[in-house]
Every structure is written in C-alpha cells, then in structure tokens.
Amino acid sequence: MPEPRRIGIGLVGTGFLAATRARCYGALAGRAAIVAVAARTPARTAEFARRWDIPRAIDFESLLADPTVEMVDLCVPNALHRPLCEAAAAAGKHVVCTKPLSAYVGQDLATGHGDAEVASRDRRAMAALATAEAQSMVDAARSFGVQLMYGENWLYAPSIRRAAELLERADSTILDLRGGEAHSGSHSPYSRSWRHTGGGALLRLGSHPIGAMLHLKAAEGRRRRGTPIRPVAVVADVADPQRSIEPSRTAYVARGFVDVESHGTTLIEFDDGSRGNAWGSDTMLGGMESRLDIQASNLRLTCNLSPNDMLRSYAPDVAVLADTYLMEKVSTTAGWNSAIPDEDFCSGQLAMCADFVAALAEGRPAIADGELGLEVVKVVYASYVAAAEGRRVRLSEISSW
Ligand SMILES: NC(=O)c1ccc[n+]([C@@H]2O[C@H](COP(=O)([O-])OP(=O)(O)OC[C@H]3O[C@@H](n4cnc5c(N)ncnc54)[C@H](OP(=O)(O)O)[C@@H]3O)[C@@H](O)[C@H]2O)c1
C-alpha cells in the first residue's frame, strides 16, 4: 500500500476551537501536519505555535502565500468566516470553516454602529444577508476549484455515524428527529450580543443538531428516492429565560445576555412531511448535553454525544478530583459525573479532521460540505424570522427578502 499523502494545514486562530484542531490533526501524524498558524495577536500566535509544536507563527497573508499550506482551517469569530474563506479560496487553498458558515453581525450598517442597531435589524434582512454570504462562500470555492468543508463535528460523532449506518441497513423512514445542545452558558462575553456573534443559543449551539438532522434526512432521500430530502419550512421560538432571575440571587447559569436568546427552539418541516425539533440552550446545568433522538418507521435510536456512560465517576467530595477536567462545562467534580474518556472521539472532532485530510488525499468530497453549512444558515435565520413574526416561514421566502 502506498503511503497516504500528508496534507499541510494552515490553522487560523489560537482560541478554544484552534486548540481542539491542534489536538486532532496532531493525532493524525503522517496524514496531516499543521505547518503554520496565523491569528491576530503575534505574541499569542507564537505561544500557540510553541505549545503545539507548529513550525511557523505568521500572519494570514503569509499563510496564504505559503506553498506548503494546502488546506486552511478557520477557527475565528463568525464575522470573519466569509472574508477569510474567500481569500483562502482565491489563493487556491482548500478551506475548512466551522459553524456557522456565516452570520449577520451588522455588515450592511454604517461603521460605528452599536449593539442596538444590529440587534434591531429586521430579521428578514438578516436572513437574506447571512444566506447570501454563505452562498458566496460556496460559490467562491466552486469557482476557484477548491473544497469548502463544513466543520460540523456532530456528523462524525461515532454514535451518529453508527445511527446513520443502522438507518441505512434497516432502510428506515425517519419520522421525527429531536435533538439539542445545551449547557450552562458560554463564558465568552462575545456570545452575549448579536453584534459579535450574529445570534444566540440557536445559532451557536442549535447549529449542531440542525446540521445532523439535515444530513440524515438528505442521506435518507438519496437512498430512498435518489434525491436529498430537504428542509422546507420552520416554526420557532427564542427567549432569554435568565432575565427572570433576580440580580441579587445566586445562579450557576450564564447571565447578562445583551440582546440574543439564551434558549432557542426550531421545528423543521422536511419536504416528505417528517419533522425535526432542534434546540440550543444556555440554561442547563450538569455539563454539556448533546443528544439526538431518532424516531423512524422501524427503528428508534438515541445518540448521546455528551454526557455518555463510557465512564461514570463518583467523588464523595470536590477535593478528591480537585481541578481535574472531567467533561466540557461541568461545574463540579463532586458526586456522580460522566468523566468522558476521549471527548474528541465522542464529539466527532477527531473523525471529522480525519475525513477532511483523507478527502483531500483521495481527491473526493468530504462528508460535511459547504452546501450543508449554507442550508443550516438558512434554517437558523428563517427560524429567527419565524420567531419574530410568530408564523411558519418557508425557506423559499428568503430569496425574495
Ligand atoms: N464544536 C464546534 O464546532 C465549535 C466549538 C467552539 C467554537 N466554534 C466556532 O469556532 C469559531 C471560533 O470560536 P472560539 O471559541 O475558538 O473563539 P476564541 O477562543 O475567541 O478564538 C478566536 C480566535 O480568532 C482569532 N482572531 C480574531 N480576529 C482575528 C483576525 N482578524 N485574524 C486572524 N485571527 C483572528 C483570535 O486571535 P487573538 O487571540 O490573537 O485575538 C483567536 O485566536 C467560532 O466561529 C465558533 O462558532 C465551533
């Protein structure tokens, strides 16, 4: 067997997601290597390069000019996804872009706008702009002949991959999907305002179950009728329930959301009449919960990405495990816990990175592509319109806004 080609990666960003990527590509030694990292702050970039043994800490322009960089992985705030993706594609680099592919953060407003101007923008205008940006990213990749891969780890989680296999084997018709991602709230101050993130929990967390649902229904459609089953309409609700907590009372969930929801739910109608109920929420204690329930004609499946029962721990006192990391967002090591042995495996992050580099080495499309990212953006922003206008919104309406 010939050795697989090693893919040179240019990582952009040095924050939370970039560290996940550094771990995962690092585990693919021989098949992938991060050859350069670029971010905004030179000192932090240099420190990240040292920490992860990356040969070069450079700026974004130099990263694009580097002939050893074949694929650029964007781990930067949402507002930068489109410009950096299009610049990378124009430089002939394949691109990985995390969720959400695009977001409305006031791009069409005069400079100097504040939170209020962005958050009060008409939801239809937001949907039209965010969708146009995601479409433009997909088009740019196509016109420059590079792949746009969508960094949606849920598609690659072992529980969801196995569920997809079983659905195929049983030739199931999926009737109803229910799933969400929830925790006690992002600690990033940027997550609190529309101007910085382009939406709240539905965008930030709900993108994951929405992506998985669209993927599973598309696969079912290809198998059963030769074309993907697509989302056609949504009804939705968004809220900030934390506002009901009196300021003087202790709370263990994040507070202080400026103008975005800390809880969002959308009900997706697919073109075959089936439904997907997805949520994202910053209201849940007990660590990060990422689950997908699948009710099909001849099968019922529950995917537990997190927490799961691979390993349960019980510590009678918080001092026993002190500062030990057990799982994402869990606030105490005392009592019963899900001490997940390998989060990068269970969350799908590792298998996702493996698919991206294998896709390039083998000259085939990755499982998660830009088209899926575009469709997720449509569903999320149509949901914001549906919630604001209190009605069912068809995705086909977006093109006329
Ligand atoms: N499971 C998932 O798929 C998942 C999980 C978490 C986040 N995300 C996504 O990942 C993205 C980043 O989130 P994060 O949590 O990693 O954020 P973060 O920790 O705040 O890191 C953001 C990084 O972007 C860099 N950056 C900011 N402006 C830049 C610029 N103009 N040019 C180059 N780099 C710039 C920052 O560099 P400096 O530090 O130098 O300012 C920082 O390293 C978001 O889109 C988020 O939605 C996805």
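**Sheet, helices and salt bridges**

Strands β9 (residues 263-270) and β10 (residues 275-281) run antiparallel, joined by seven bridges. Strands here are DSSP runs of E, at least two residues; helices are runs of H or I, at least four; both are numbered from the N terminus. This is a predicted model: local features need pLDDT of at least 70, side-chain atom pairs count only at pLDDT 80 or more, and totals for chains, interfaces and linings use all residues. Residues are numbered from 1 along each chain as its sequence is written, and side-chain values use heavy atoms, leaving out hydrogens and water.

Pairing requires at least two DSSP bridges between two strands.

Glu-269 lies in β9 and Arg-392 in the loop between α14 and β15, so the pair ties together parts 123 residues apart in sequence. A salt bridge puts a side-chain nitrogen of Lys or Arg within 4 Å of a carboxyl oxygen of Asp or Glu. Glu-269 is buried, at 17% relative accessible area; Arg-392 is partly exposed, at 40%. Buried means under 20%, exposed over 50%, partly exposed in between (1.4 Å probe, protein chains only).

The whole structure holds 29 salt bridges. One of them joins Glu-389 and Arg-391 (2.7 Å, N to O). Shared partners link Arg-124, Glu-389, Arg-391 and Glu-397 into one network.
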